[in-house]
Amino acid sequence: MARTLIKNGTVVSPTGRHDQDVLIDGETIVALYARGQADAMGVTADKVIDAKGKYVVPGGIDVHTHMELPFGGTAAVDTFETGTIAAAWGGVTTIVDMALQRYNENVQLGLAEWHRKAGGNCAIDYAFHQIIGGIDEQALKDMTYLVDHEGVTSFKLFMAYPGVFYSDDGQILRAMQTAAENGAMIMMHAENGIAIDVLVQQYLARGQTDPKYHSYSRPSLLEGEATHRAIVLSKVAGNVPLYIVHMSASDALNEVAAAQHEGLNVFAETCPQYLYMTLEDHLARPGFEGAKFVCSPPIRSKHDHHHHHADLWKGLRMNQLAIISTDHCPFCMKDQKELGLGNFSKIPNGMGGVEHRMELIYQGVVQGEISLERWVETCATTPARMFGMYPQKGIIAPGSDADILVWDPTKKTKIGINDKHHMNMDHSSWEGFEVDGKVDTVLSRGMVVVENDSFKGRKGHGKYIKRSLSQYLH
Ligand code: DUC
Ligand code: ZN
Ligand code: ZN
């Protein structure tokens, strides 16, 4: 087995940073040495990576992606191949994608379809959550089968998108009761879709059809309300673990904080777009450009009744928000976002970001919003623990997979279609963002996949990771 030694760097974990050398044997980290000790002991390796002046951190784990998702009359444009290569370019070494079951479809067939799409195509490791878009007797049985046999231990439900992925409160309660029995995590898209649909029709009837009305028709109050309702239902189901996905608003954060204060098993994630983008600066751009930023929940206004950005950063510091994911769901402008010309409700919902999360959130470290350790914790370690992959993933420690990002804090990264952009979209959601720090080298299970500004990996290297129950509570 080839041995790799990463020398002279600073290894960062959620609890601190240490000047250490990392020895990898094959796919696994086998030892950490205090600076200089490896040399003193005569440790040899086939490949030596000099990480002087750099941070050596666990590879990023993005627990919310939608490769090839059929949605909004089209499909997300990243395949598992293009999406995982882009992820690697961004220092991500594991994704957890959302397999799909829709109304009247079979859950196990939905999961099989996702294995078919991903198998042999991924450049980095991958796992699955299962979307349950049609809760019935069989789906409930299948949830337990997936937990017991398939390594799928978390299920995403939707309180939004009536007629598409939506579940009513009774269906949600039943799925939560099932999760209470089998130990799974319920992930919730918490927006009141029934009320939103009324507002959407009213905006359209008034001729207010531009992309910015996507945000006006989905007020943060309705994200807060749905979050509250999801929490109550999880309590009724016996304090079942509940994870609110892609949180965009203070209203929802306050509900999660109150639930946590009460001692409930409620967790949440946010995404970079909700920390940096605004309705005014992005969604409301002239013409149809705002369509690039249509996602749900929507990008919020800076003149809202809350300071959403500041509150979400605070939530990250306070651990009210445990994880940052991307909700990567990329659509091109041409032929896809364009479906909503003259009608914002027809714009496919989603943005592409799997490549940029580590870069964008490191900027939060530079700006003093979170610590370097918290960057690692929210982007790698907690994702692994929350979704049953720790300590195989999410930490640099002997015995863990050698999934490693060597990060250069002295360089800068300019994001844009002609700068850094490896996703399959015809535009970048993050065009023009210039951030401090740069992905230097990325290893996936010991294999160098990014080095010297070139991709060295290959499709098919990525393996399916069977996950255990969440390790955050146990
Ligand atoms: N939100 C999005 O913006 N896209 C995919 C699905 C979702 O919930
Ligand atoms: Zn969602
Ligand atoms: Zn999603």
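These notebook entries record what I looked up in this structure, which is a predicted model.

**Entry 1. Domains**

I began with the division of the protein. Domain 1 is made of two stretches, 3–57 and 401–455, and domain 2 covers 59–386. I noted a separation of 28 Å between the C-alpha centres of domain 1 and domain 2. I then looked up the contact between them: domain 1 gives 31 residues and domain 2 gives 41 residues.

Which elements give two or more residues to the side of domain 1 that touches domain 2? I listed β2 (10–13), β3 (16–25), β17 (404–414), β18 (434–444) and β19 (447–451). Of these, β18 provides the largest share, six residues. Sorted by class, this side of domain 1 holds 16 nonpolar, ten polar and five charged residues.

**Entry 2. A pair of helices**

I next turned to helix α13 (residues 357–366) and helix α14 (residues 372–386). Their axes lie 9 Å apart, and the two helices pack at an angle of about 150°. I recorded the crossing of α13 past α14 as right-handed. On the α13 side, the contact is formed by Arg357, Met358, Ile361, Tyr362 and Val365. On the α14 side, I found Leu372, Trp375 and Cys379. By class, this contact counts seven nonpolar residues, no polar residues and one charged residue.

**Entry 3. Alanine 31**

I looked up alanine 31 and found it in strand β4 (residues 28–34). Is alanine 31 buried or partly exposed? It counts as partly exposed, because it has 17 C-beta neighbours inside 10 Å, and a buried residue would need 20 or more.

I set aside the neighbours of alanine 31 within four places in sequence; its contacts are then Leu23 and Pro398. I also checked alanine 31 against leucine 5: they are 26 residues apart in sequence, and their C-alpha atoms are 9.6 Å apart in space.

Which residues are around ligand 1? I noted His66, Phe71, His189, Cys295, Ser296, Asp327, Cys329, Asn349 and Gly350. The classes in this shell are three nonpolar, five polar and one charged.

Serine 296, which is around ligand 1, is joined to proline 297 by a cis peptide bond with omega about -5°. I placed proline 297 in the loop between α11 (279–283) and α12 (308–318).

Aspartate 327, also around ligand 1, has a positive phi of about 55° although it is not a glycine. I located aspartate 327 in the loop between β16 and α13. It counts as buried because 28 C-beta neighbours lie inside 10 Å.

**Entry 4. Further backbone details**

I found a cis peptide bond between tyrosine 390 and proline 391 as well, with omega about 0°. Proline 391 sits in the loop between α14 and β17.

Where does asparagine 319 lie? I traced asparagine 319 to the loop between α12 and β16 (323–324). Its phi is near 70°, a positive value in a residue other than glycine. With 15 C-beta neighbours inside 10 Å, asparagine 319 therefore counts as partly exposed.

Definitions and conventions: Residues numbered from 1 in each chain as written. Chains lettered and ligands numbered in written order. Predicted model: local features only at pLDDT ≥ 70, side-chain atom pairs only at ≥ 80, totals over all residues. Domains from an automatic or database assignment. Contact = placed C-beta atoms within 7 Å. Helix = DSSP H or I, 4+ residues; strand = E, 2+ residues; numbered from the N terminus. Nonpolar A, V, L, I, M, F, W, Y, C, P; charged D, E, K, R; others polar. Axes fitted to C-alpha atoms, helices over the stretch in contact; angles between N-to-C directions. Left-handed = near helix turned anticlockwise from the far one by under 90°. Buried ≥ 20, exposed ≤ 12 C-beta atoms within 10 Å, placed from the backbone. Near = placed C-beta within 6 Å.
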